[in-house]
Amino acid sequence: MVPMVIGFMNYGQQAVRAARYIGQSFMITLSHTNRLPVTIQYPYEKLITSERFRGRIHFEFDKCIACEVCVRVCPIDLPVVDWKLETDIRKKRLLNYSIDFGICIFCGNCVEYCPTNCLSMTEEYELSTYDRHELAYNQIALGRLPMSVIEDYTISPIMNSTQINKVTSKSLDSKTITNS
């Protein structure tokens with residue numbers, strides 16, 4: 001008789017525990033009903049990238065001195081720098097510069113260590129193609145600046161949630177400073 005009573009007590013405790021778990025999960029579900037949707041209609045709406053976003057590399061041919069620092073700091077030796085030594089002025093003359101974005105890991109080392117700042121990261125992240133050979137950019141393709149998301153009139157830009165929080169916190173800080 002005692003084992004049967006203990007069995008009913010255990011069953012009752014398990015039923016109460018299961019009801020508590022169901023209630024907790026239902027409360028979590030209800031807490032999400034007041035939130036705004038985070039779905040973005042991609043081709044027509046795009047997120048504004050952060051300031052330090054590492055997108056496609058932009059190259060300025062006139063600033064490059066062909067020192068090959070970018071090749072040495074690249075973990076996969078990706079940039080291809082062709083140069084010719086001008087013997088009369090004892091300087092290198094850059095002939096060709098290319099990067100294959102199908103292989104690039106977008107680490108940003110080449111941009112960071114470039115002594116003349118001829119390399120920079122852009123906010124362009126749409127590099128998809130049907131042929132991987134189209135991802136090999138030469139100095140002409142690298143020199144083109146992409147259109148900014150904010151400047152494109154066909155797209156409605158949307159801020160990231162972190163950017164929205166920064167804007168609201170800045171506006172709250174300015175209000176508290178002016179009120180006091």
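Two strands pair if DSSP finds at least two bridges between them, and the elements named here are DSSP runs numbered from the N terminus: helices (H or I, at least four residues) and strands (E, at least two). What you are looking at is a predicted model, in which local features need pLDDT of at least 70 and side-chain atom pairs count only at pLDDT 80 or more, while totals for chains, interfaces and linings use all residues. Residues are numbered from 1 along each chain as its sequence is written, and side-chain values use heavy atoms, with hydrogens and water left out.

Let's start with the strands. Strand β3 (residues 80-86) pairs with β4 in the antiparallel sense, over seven bridges. Together β3 and β4 make a hairpin with four residues between them; in its turn, Arg90 has a positive phi of about 55°. If you look for Glu86, you will find it opposite Lys91 in β4. Strand β4 also runs antiparallel to strand β6 (residues 136-137), joined to it by two bridges. There, Asp100 stands opposite Ala136 in β6.

A nonpolar core is a set of buried Ala, Val, Leu, Ile, Met, Phe, Trp, Tyr and Cys residues joined through side-chain atoms within 4.5 Å. Buried means under 20% relative accessible area, with exposed over 50% and partly exposed in between (1.4 Å probe, protein chains only). The largest such core has 24 residues, and Phe59, Tyr97, Phe101 and Leu119 have the most contacts inside it. Two or more residues come from each of β2 (57-59), α2 (69-73), β4 (91-100), α3 (109-113) and α4 (139-143). Of these, β4 gives the most, with three residues.

The UniProt annotation "binding site", from an unreviewed entry, covers Cys64, Cys67, Cys70 and Cys114; UniProt positions are given in the numbering used here, feature names are shortened, and annotations may be inferred rather than shown by experiment. These residues are spread over 51 residues of sequence, yet they cluster in space, with a largest C-alpha distance of 10.7 Å.

Cys64 lies in the loop between β2 and α2 and counts as buried because its relative accessibility is 18%. Not counting residues up to four places away in sequence, Cys64 touches Phe59, Leu94, Thr116 and Cys118. Cys70 sits in helix α2, and its 10% relative accessibility is why Cys70 also counts as buried. Beyond its neighbours within four places in sequence, Cys70 is in contact with Pro79, Val81, Tyr97, Cys110 and Leu119.

Key: Contact means heavy atoms within 4.5 Å.
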